[in-house]
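Trainee: I would like to learn how to read features in a model, one at a time. Please start wherever you like.

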Amino acid sequence: MLFRSAALAGGGGPIVLAGGRLTVDRHLLLDSGTGPIVSSAGASAMDLRAGGSVRLMGGRLDLRQLTASAGSEESPGLIRFTATGEGSPGAPALRLRQAQLTGQTIQLRAEGTMTLSDVDLRASKGAAGGGDLFLETGSGGATQLRDASLQGRSEEHTSELQSHSDLVC
C-alpha cells in the first residue's frame, strides 16, 4: 500500500503486525498507547518504509523479521521506537529480533530492558558520513545486544550512543 502519511492509534489495545509492506511518502506513526506492538506468531517479514519518519510507540514493542527505512534525498530519515514498559512486567520493554533499521537518525528508547538480537542498525547521512544512533533505557533498565551490527557517528561522537544503564554484549 502507498499512502502520503499514515497514523494508527490502538487506544491502549495491541497493534499486531502480520507481515507485508507498508510504504508512505512522508510519515508513519503506530501508537498503541499503553498496549503492545507485536509481530504476529508465524508472520512473514514486515517492511515499513517512509520518506520522512517511522515511529512506533507503545507499552511494549516485541518485533521480529522487521525492516524499517526512513528518509529520502529531500528529507532526512528518522526512525524512533519508544516502549514505555507498561503492561510488560518481567519482559523486555523493547525487543527486536532479526531486524534491519536504516535512517539518518535512529532512536530506540525503553523504560526497562531493551534486547536487540540479530539486528542491523544503520544510521547514515549518505555520502556525508555517519548518522546519529541513540539507544536509551530508563532507570533500572539494561541494553542487551546479541549478534548486533551498529553503524552510526564516527568514533569521536560515540558519546551519542547512550544507555543509561548496563550495556551487555
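Mentor: Let's begin with D118, which is partly exposed because its relative accessible area is 43%. Buried means under 20% relative accessible area and exposed over 50%, with partly exposed in between (1.4 Å probe, protein chains only). Keep in mind that this is a predicted model, where local features need pLDDT of at least 70 and side-chain atom pairs count only at pLDDT 80 or more, while totals for chains, interfaces and linings use all residues. Residues are numbered from 1 along each chain as its sequence is written, and side-chain values use heavy atoms, with hydrogens and water left out.

Trainee: What is the phi of D118, and in which strand does D118 lie?

Mentor: Phi of D118 is near 55°, a positive value in a residue other than glycine. D118 belongs to strand β13; strands here are DSSP runs of E with at least two residues, numbered from the N terminus.

Trainee: How many residues of β13 are buried?

Mentor: Strand β13, residues 114–123, is mostly covered, with eight of its 10 residues buried.

Trainee: Which value does phi of Q98 take?

Mentor: Phi of Q98 is near 50°, again positive in a residue other than glycine. Q98 is found in strand β11, and Q98 is partly exposed because its relative accessible area is 43%.

Trainee: Let's turn to D47. Is D47 buried or exposed?

Mentor: D47 is buried, at a relative accessible area of 11%. D47 lies in strand β7, residues 46–50. Four of the five residues of β7 are buried, so this strand is largely enclosed by the rest of the structure.

Trainee: With which side chain does D47 make a polar contact?

Mentor: The side chain of D47 makes one with the side chain of R21, at 3.1 Å. A polar contact is a pair of N or O atoms within 3.5 Å; within protein, one must be able to donate a hydrogen and the other to accept it, and residues adjacent in sequence count only if both atoms are side-chain atoms. Beyond neighbours within four places in sequence, D47 is in contact (heavy atoms within 4.5 Å) with G20, R21, L22 and T67.

Trainee: Which strands flank β7?

Mentor: Strand β4 (residues 20–24) runs parallel to β7, joined by five bridges. Strand β9 (residues 60–70) pairs with β7 in the parallel sense, also over five bridges, with L48 standing opposite A68.

Trainee: Finally, what is the order of the open sheet of six strands?

Mentor: The order is β2-β5-β8-β10-β12-β14, with parallel pairing. β2 (6–9) and β14 (132–137) stand at the edges with a single partner strand each, so one side of each is left without a neighbour in the sheet. As for β14, six bridges join it to strand β12 (residues 105–110), in parallel, and L108 has L135 as its bridge partner.

Definitions and conventions. Two strands pair if DSSP finds at least two bridges between them.
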